Every structure is written in structure tokens, then in C-alpha cells.
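Me: I have not looked at this one before. Can we go through it piece by piece?

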Amino acid sequence: MKRLWCLLIFALAGNMAAQESNSPALHSFTVIRAGTLIDGKSDTVRHNQVIVIRGNRIDSVSDGATAKLPAGAEVIDLSRATVMPGLIDSHTHIFLQGEEPAQGGYDVNILKYPLALRAARATVAARRALEQGFTTLRDLETEGAGYGDVGIKQAIDGGYIPGPRLFVSTRAISTTGGYMLDDYAPELDIFKGAQLVDGPVEARKAAREQLDHGADWIKVYMTHRSWVGKHGELVSQPTLTVEELKAVVDETHGWGKKVACHAYGGIGLRRALDGGCDSIEHGLDLDDAAIAQMLKQGTWYCPTLAAYYHDWAPADTPQGQRDRKRVAVHEVSFPKALHAGIKIVFGTDMGGIPWTEPIAQEFPRMVELGMSPMDAIRSATSRAAEMLDMEGQLGVISPGAFADIAAVDGDPLRDVKMLENVKFVMKDGKVFKNELK
Ligand SMILES: [Zn+2]
């Protein structure tokens, strides 16, 4: 017993030391001179602003002409840059690596790679996100890597590895026949990339387990396979019943947390909304009834547009037709949802897209389909923070918020593609990268 206590004290002391070396001291001041400021919330930009940071929080934002700088503060000159809040990607998979079919696709991760390899690659993915100015990710399941996301989050929070703030969802939930690995011999008891349940009792139990082991969000797959139907429409196989989903949602809401539902369209989407999902992921094929219900229920929409332009199969194959149909209906659904006033957050499905590619490629897709650049930036800042119940804390440059800050050397409102070249990143009051010196 005594030995156990000693171990515990050592562990706590070690953790505290890591935390202390990670966060700047409370009394230390840093000042950023911002040439142009997009604060993440307001419609208009401000010029020549001074952001005072105390420790890991923003202390004040004021006009550069009159601002009083705290004595002894370190001054970072971003007076020729556009400064904005650190970005938030609300749909990633740090445990996936692009799933190139030529490299074994999705299945090789689970069938061949040891968990340590997958964790090492997830560590690199987390760093890639931070380098690109993404200081927060909602990571929507580990794809067979269990509770690995909880471990990576602990490593980041402890200061052992660099990375964004993570909101993790652990294993995800689907049903028998409702998730990969698919199409192996039925005699094999083959491993699955999500936790499969049948019936409301199992569904609730899976949610309890995942929440108990550190899930910040619960991820549910409400559709799985998809194909082009008889009449040329996109058909999606539904998974959980409304009763099963309601058990998950009821349990998760009881813990004060939220449920993200992968749903393409049709029966599965309807069940997702009837069951009370908090966010619809992908939502390729939103009909008018779904849009009306999302508006009424305040459901978030995380469209992940860019991901569907990747890896199309040849046009004369059923898969290739499906791939093209997915994009065709998505390009109708997104503008409809936008004009109806659905709450939209920026999400990419990175991991499905290789982490070597720019995360910000989603911005021009949103803008091409009718969103203003400022709204696209808000969908990756204050709007996402609202969904994450972190309003005023993340995704905004205002007093009291965490000092998560990114900057580019140009005007992203004129050319949103510029967000692919973030030159300055601060997370939690600490400069991670500065190419604007
Ligand atoms: Zn995904």
C-alpha cells in the first residue's frame, strides 16, 4: 500500500512538472501586434490591434494607437499579417493515414500494424495539424485503435508531444453489419473498426464504457454502405434503430456530453434526427424534411466536403458511380443547408485524406458552394467552439479566451486558399511556430 502511495505521488509530481513546463507562467505577459485582426466572431476586421496575453489566456485586445503595453512583455510583431483565432477541425481521424488502396487501404491498419506504430503515426498527425494552425480537433474515432486517442490527448496535455487540444470520441458505435472490416470469410471472427452493438441495452452499455474511458463525444455510425439505386439516387444502408440510438443519446446527454452521427441520407439520416443526434457528419443527401428537422432541433452540420473528391474508382464501375453521385448530391445539400440557416462547422475527415495534404483545402470547397470566406473562418473558430461547449474560450480572440492564435501573411478574406499557409501558431500562450519574424 505504502509503495502504491509513493508511486501515486511520484506520478502526480511528474505530471505537475510537465504541466508547468508546458504552460507559460501566469504572471508572464506576451504582446502581439496584429496588422489585421479577424477575431473569429465579428463580421468585420480590425486593423492595428494589440493583443495582450497573460500566461495562457488573452488578457485584452485594444487599438494599437492607444494601447498600454505591460512592462517587460515580450512583443511579437505580426503587424504585416492577418491574425485570427487558432483553427478548429471538427472531424478528423489522427489514427488513419489516407488509406491509399495501393498501400492496403483501410484494412491494413487493423490487420498488420501494431498499435505502437499507429500511435506513433497519430503523434505525427497531431503535430501536422498544429503546424497548420489547427489548435483544436474533434477527433471522431480511432478506427480500431481503441482508446488510443485518450492516450495521445494525455501526451499532448502533459507537454510530452506537441499537438492541438483534442476532443476525442474513442471507439465509435455501430451495429452488426454496420462497420468495416467487411467482406472477409464469414467463418472468421474478424476485428471491427468500431464497437458493434445490437439492441438498446448493448448500445447504452457501449456508450457507458466509452464515456467511462474518457470519450468527450460519442460517435455513432447511422449509415454504412452506400450505392446508386434503381432510379439513380444515392442509397445508404441504415444501422442503429431509433431505440438503439435513443439509448446512446440519453446516456451521453446524462453525462453532459454530445453525440456525433455519421449519416449520408435516407432512413439512417431520419433515424439519426429522430434519435436526437447533436451533429450530422457528412450529411451528403439532406432532403427538405431533414433540413427542417435540423433547424428545429438545432442540429449541427459538419459536411466534410473535400474528402469526397479523393480516390474515385473508375467511372464505369458501381463504386465509381457511387463516388461521383456522393459529390453530386453533396453539392446540392450544402448550399440548401447554408441558405436555410443550419449551423455549419468546418470538418475535413483528415486521416481519410492523407495528413501530408493541407487541412485548409476544405475552405475553398465551402466558399465555392456559396459560403462567405468570413463565415467559413467562423465555422472553423467561434461556431465550432459553440458546438464544443467552449464558447468564449476557444475560437475567438477576446479577453478570457485561451491564447490559441494563428496568422497568415495576406488577406484570407480575398483568397481563402491562403489559409493553407499559416505562418504563425500559438497554442495555450506558447509560440509553436513563427515564420513571420
Ligand atoms: Zn470520419
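**Working through the model**

Reply: His91 and His93 are both buried, where buried means under 20% relative accessible area, exposed means over 50% and partly exposed is in between, with a 1.4 Å probe and protein chains only.

Me: Before going on, what kind of model is it, and how are the residues numbered?

Reply: It is a predicted model, in which local features need pLDDT of at least 70 and side-chain atom pairs count only at pLDDT 80 or more, while totals for chains, interfaces and linings use all residues. Residues are numbered from 1 along each chain as its sequence is written, and side-chain values use heavy atoms, with hydrogens and water left out.

Me: Back to the histidines. Which residues coordinate the zinc ion?

Reply: His91 (NE2), His93 (NE2) and Asp349 (OD) coordinate the zinc ion, at 2.1 to 2.3 Å. Donors are N, O and S atoms within 2.8 Å of the metal (3.2 Å for Na, K and Ca); water is not among the atoms, so sites may look incomplete.

Me: How are those donor residues spaced in sequence?

Reply: The spacing is H-x1-H-x255-D.

Me: Stepping back, how many helices and strands does the chain have?

Reply: There are 12 helices and 19 strands. Both are DSSP runs numbered from the N terminus: helices are H or I with at least four residues, strands are E with at least two.

Me: And the overall dimensions? What is the radius of gyration?

Reply: The chain has 22 Å, which agrees with the value near 22 Å that a compact globule of 437 residues would have. The radius is taken over C-alpha atoms, and the globule rule is 2.2 Å times the number of residues to the power 0.38. Along the principal axes, the C-alpha atoms fill a box of roughly 70 × 65 × 40 Å.

Me: How much of the chain is buried?

Reply: Buried residues are 54% of the 437. The chain exposes about 18,700 Å², with carbon and sulfur atoms supplying 54% of that area. The areas come from the Shrake-Rupley method with a 1.4 Å probe, and for residues only the protein chains shown count as cover.

Me: What share of the contacts joins residues 24 or more positions apart?

Reply: They account for 69% of the contacts with a separation of 6 or more. Contact means heavy atoms within 4.5 Å.

Me: What about Arg208, where is that?

Reply: Arg208 is in helix 5 (residues 200–212). With a relative accessible area of 42%, Arg208 is partly exposed. Not counting residues up to four places away in sequence, Arg208 touches Glu251 and Trp255. Arg208 and Glu251 are 43 residues apart in sequence and 7.1 Å apart in space, C-alpha to C-alpha.

Me: And His262, buried or exposed?

Reply: His262 is buried, at 9% relative accessibility. That residue is in strand 13 (residues 258–265). Beyond neighbours within four places in sequence, its contacts include Lys219, Tyr221, Glu281 and His282.

Me: Which residues are joined by a cis peptide bond here?

Reply: Met180 and Leu181, with omega about 10 degrees. Leu181 lies in the loop between strand 8 (173–175) and strand 9 (195–197).

Me: What about positive phi?

Reply: Glu99 has a positive phi of about 50 degrees although it is not a glycine. Glu99 sits in the loop between strand 5 (87–92) and helix 2 (107–112), and is buried at 14% relative accessible area. Glu143 also has a positive phi, near 55 degrees. Glu143 is in the loop between strand 6 (134–139) and helix 4, and counts as buried at 3% relative accessibility.

Me: What follows helix 4?

Reply: Gly159, whose phi is positive, near 85 degrees.
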